[in-house]
Amino acid sequence: MSISAQDRTLIEACQGGLPFVPEPYAAIAEKTGMDEAEVIDRLAALKERGIVRRIGIAPNHYKLGMTANGMTVWDVCDDAVQELGPLVGAMEAVTHCYIRPRALPIWPYNLFAMVHGASRDEVEAKRAVIAELLGDACRASDILYSTAILKKTGLRLKKGAS
């Protein structure tokens, strides 16, 4: 899937976030040389094509008091992980979820699900709900808590690359 040079310019102008001004699309329009309607139409088209997943607010969960962030890791039977993984990923408490290969013999986990909470007790409660869903298909699990944010951003297109 390719994008036009104008769409690329628009994505580059928006990828760091919309400006926090009363008319953010007008500000992007001024920055890109497009008019506001074109910015809105192009973003809508990019979203419809799945190139832009969503346009919204990305709250800082630490500033909202969600300071316990745990990547739950699960060793799920191979014959069940393709069915159970999407169910875990669909849970409201899970912000992102992945199936990944194990790194045996030291890393038996193949399902990863991130959960956030105001305390570790809250995260553990969410982990218990996931464990209940996985049932006997889960052979082992653990949780890795974040201790510092080193980088947090979405994908960034390299400026000027095609």
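The model is predicted. UniProt, in an unreviewed entry, places the feature "domain: Siroheme decarboxylase AsnC-like ligand binding" at residues 63–151. That span is 30% helix and 34% strand, and its end C-alpha atoms lie 16 Å apart.

**Helix 1 and helix 3**

- Helix 1 covers residues 5–14 and helix 3 covers residues 36–48; the two pack at an angle of about 95°, with 11 Å between their axes. Helix 1 is therefore roughly perpendicular to helix 3, since angles of 65 to 115 degrees count as such.
- On the helix 1 side, the contact is made by Gln-6, Asp-7, Leu-10, Ile-11 and Cys-14.

**Helix 4**

- Helix 4 has twelve residues, and the distance from its first C-alpha to its last is 17 Å, close to the 16 Å expected at 1.5 Å a residue.
- The buried residues in helix 4 are Ala-80, Val-81, Leu-84, Gly-85 and Val-88. Around the axis they cover an arc of only 130°, so they sit on the same side of helix 4.
- Asp-79, Gln-82 and Glu-83 are exposed, on the face of helix 4 turned away from its buried side.
- Strand 1, strand 2, strand 3 and helix 5 are what the buried residues of helix 4 pack against.

**Helix 5**

- Helix 5 runs over residues 120–134; at 1.5 Å a residue its 15 residues should span 21 Å, which agrees with the 21 Å between its end C-alpha atoms.
- Val-123, Lys-126, Arg-127, Ile-130 and Leu-134 are buried in helix 5. Viewed down the axis, the buried residues fall within an arc of 105°, so they line one face of helix 5.
- The face turned away from the buried side of helix 5 carries Asp-121 and Glu-132, both exposed.
- Gly-135 follows helix 5 and has a positive phi, near 55°.

Definitions and conventions. Residues are numbered from 1 along each chain as its sequence is written. This is a predicted model: local features need pLDDT of at least 70, side-chain atom pairs count only at pLDDT 80 or more; totals for chains, interfaces and linings use all residues. Side-chain values use heavy atoms; hydrogens and water are left out. UniProt positions are given in the numbering used here, feature names are shortened, and annotations may be inferred rather than shown by experiment. Helices (H or I, at least four residues) and strands (E, at least two) are DSSP runs, numbered from the N terminus. The expected span of a helix is 1.5 Å times one less than its number of residues. Buried means under 20% relative accessible area, exposed over 50%, partly exposed in between (1.4 Å probe, protein chains only). The arc is that of the directions from the helix axis to the C-beta atoms. Axes are lines fitted to C-alpha atoms, for helices over the stretch in contact, and angles run from 0 to 180 degrees between N-to-C directions. Angles under 35 degrees count as roughly parallel, over 145 as roughly antiparallel, 65 to 115 as roughly perpendicular and the rest as oblique. Contact means heavy atoms within 4.5 Å.
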